[in-house]
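Hi there,

Here is the structure I promised to pass on. Have a look at it first, and then read on for what turned up.

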Amino acid sequence: MLAAGVLAGCERGSSAGGGDSTAGPRGCPAVLARAKAAVERAERSDAPWNGPTRGPRAVPGKTIVYVAQTMTNPGVAGAAQGVRDAAKAIGWRVRVIDGGGTPAGIQAALSEAVTLKPSGIVIGGFDPKSTARQVAQADAAGIPLIGWHAVASPGPSTKPRLFTNVTTRVEGTARISADWVIARSNGRAGVVVFTDASIPFARNKSELIRKGLARCRDVRLLAYENIPIPDAGSRTPQEVSSLLSRFRDEWTYSVAINDLYFADAAPALRAGGRRGSGPPFNIGAGDGDPSAFQRINHRQYQAATVPEPLSQQGWQMIDEFNRAFSGRAPSGYTAPVHISTAANSAGATSWNPPGYRAAYRKIWGS
């Protein structure tokens, strides 16, 4: 459903020119300066590994079940692949069960996982509250649960009970996405935000993005599109066509809680006569799957992403399970926020903090 309006506290201003504007800022010079500095820091790609370097040696013979919200979500699938790769390195077995993106399917998948009596279960991209009965069964069986984007914040959770939740800080991802729009547009933009309000994590992220954009008076929220991820393929093209018809050249930027929206938006933008290099200039506030990098590197309807280090997070989940099995506390690590563009990705199709594989292998002794 389309919800359009002006950002709270913002005044209507010109958004013509979008990212090509060279005029000085009118409404938010201090915010613009801070946004440009933050974006410059986030676009650096040479930061050293600042994650864990110490921990328990590998506990042998474990089996992990990764329960996926839906494997059509590139982030969920990318994290699952990271878990598979890390499990191979540490010598464990992994099984992935796809919930199919529906409440009933996710509940059935987690029920199956508990029945298998694995050493640990990953809550892959869905709200554990929607599977409260199955979570309670896993807890009663003494099966540790680790979340990936399962709750809003990284680290341990008591309600629901998670040994830890692996994610970047949603506040940082949302803020830097808004900063990128503000910085690139020189403080003047007409923005569409794409979200999935059925996922609490995604809904919270998009609300934070909206608040971040509201810091600049000449950045206007044209529309707030609520499209469930499982429906993105069918609904996004129709909604994008409607947005083009409604806002025309006023629409200069987009922010989506997941890169996949831009894969589905591209045909409609192309049909509407928009160039792949924009406008609208599009940034994905999350995931950074290979197809997003391909669009960015070829300048095809996506200019940037704030990628989750999906492979590193998969390795981190295995390391966190190893800590749980060893009676240790979680590592406490959260990956830094990063922006990938054609200029800094060097043709890569993912981003992960450098040195993570060697660091985890050294910890495990593998």
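How much area do domain 1 and domain 2 bury between them, and what part of it lies on carbon and sulfur atoms? Please keep in mind that this is a predicted model. The answer is about 1100 Å², with 59% of it on carbon and sulfur atoms. On the side of domain 1, Pro74, His149 and Ala152 supply 36% of the area buried against domain 2, more than any other three residues.

To place those two parts: domain 1 is put together from three stretches, 63-168, 310-332 and 355-364, while domain 2 runs over 170-305. Their centres, taken over C-alpha atoms, are 28 Å apart. The contact itself involves 14 residues of domain 1 and 12 residues of domain 2.

What about polar links across this interface? There are 4 residue pairs in polar contact between domain 1 and domain 2, but 0 salt bridges. Sorted by class, the face that domain 1 turns to domain 2 has 5 nonpolar, 8 polar and 1 charged residues.

Besides its share in the interface, His149 has a positive phi of about 55° without being a glycine. You will find His149 in the loop between β5 (145-148) and β6. Its relative accessibility is 8%, so His149 counts as buried.

Arg299 also has a positive phi of about 55°, and is not a glycine either. Arg299 sits in the loop between α9 (290-297) and β12 (304-305).

Two cis peptide bonds are worth checking on your screen. One leads from Lys159 to Pro160, with omega near 0°, and Pro160 belongs to the loop between β6 (155-157) and β7 (162-166). Another joins Gly278 to Pro279, again with omega near 0°; here the proline lies in the loop between α8 (260-271) and β11 (281-284).

Last, a word on Thr334, in the loop between α10 (310-325) and β13 (340-341). Which residues does Thr334 touch, leaving aside those up to four places away in sequence? They are Pro154, Thr167, Thr168 and Arg169. Thr334 has a relative accessibility of 18%, and because the cut-off for buried is under 20%, Thr334 counts as buried.

Enjoy browsing, and do write back with any thoughts.

Best wishes

Definitions and conventions:
Residues are numbered from 1 along each chain as its sequence is written. This is a predicted model: local features need pLDDT of at least 70, side-chain atom pairs count only at pLDDT 80 or more; totals for chains, interfaces and linings use all residues. Side-chain values use heavy atoms; hydrogens and water are left out. Domain bounds come from an automatic or database domain assignment. Contact means heavy atoms within 4.5 Å. Buried area is the accessible area (1.4 Å probe) that two parts lose on being put together, summed over both. A salt bridge is a side-chain nitrogen of Lys or Arg within 4 Å of a carboxyl oxygen of Asp or Glu. A polar contact is a pair of N or O atoms within 3.5 Å; within protein, one must be able to donate a hydrogen and the other to accept it, and residues adjacent in sequence count only if both atoms are side-chain atoms. Ala, Val, Leu, Ile, Met, Phe, Trp, Tyr, Cys and Pro count as nonpolar, Asp, Glu, Lys and Arg as charged, and the others, Gly among them, as polar. Helices (H or I, at least four residues) and strands (E, at least two) are DSSP runs, numbered from the N terminus. Buried means under 20% relative accessible area, exposed over 50%, partly exposed in between (1.4 Å probe, protein chains only).
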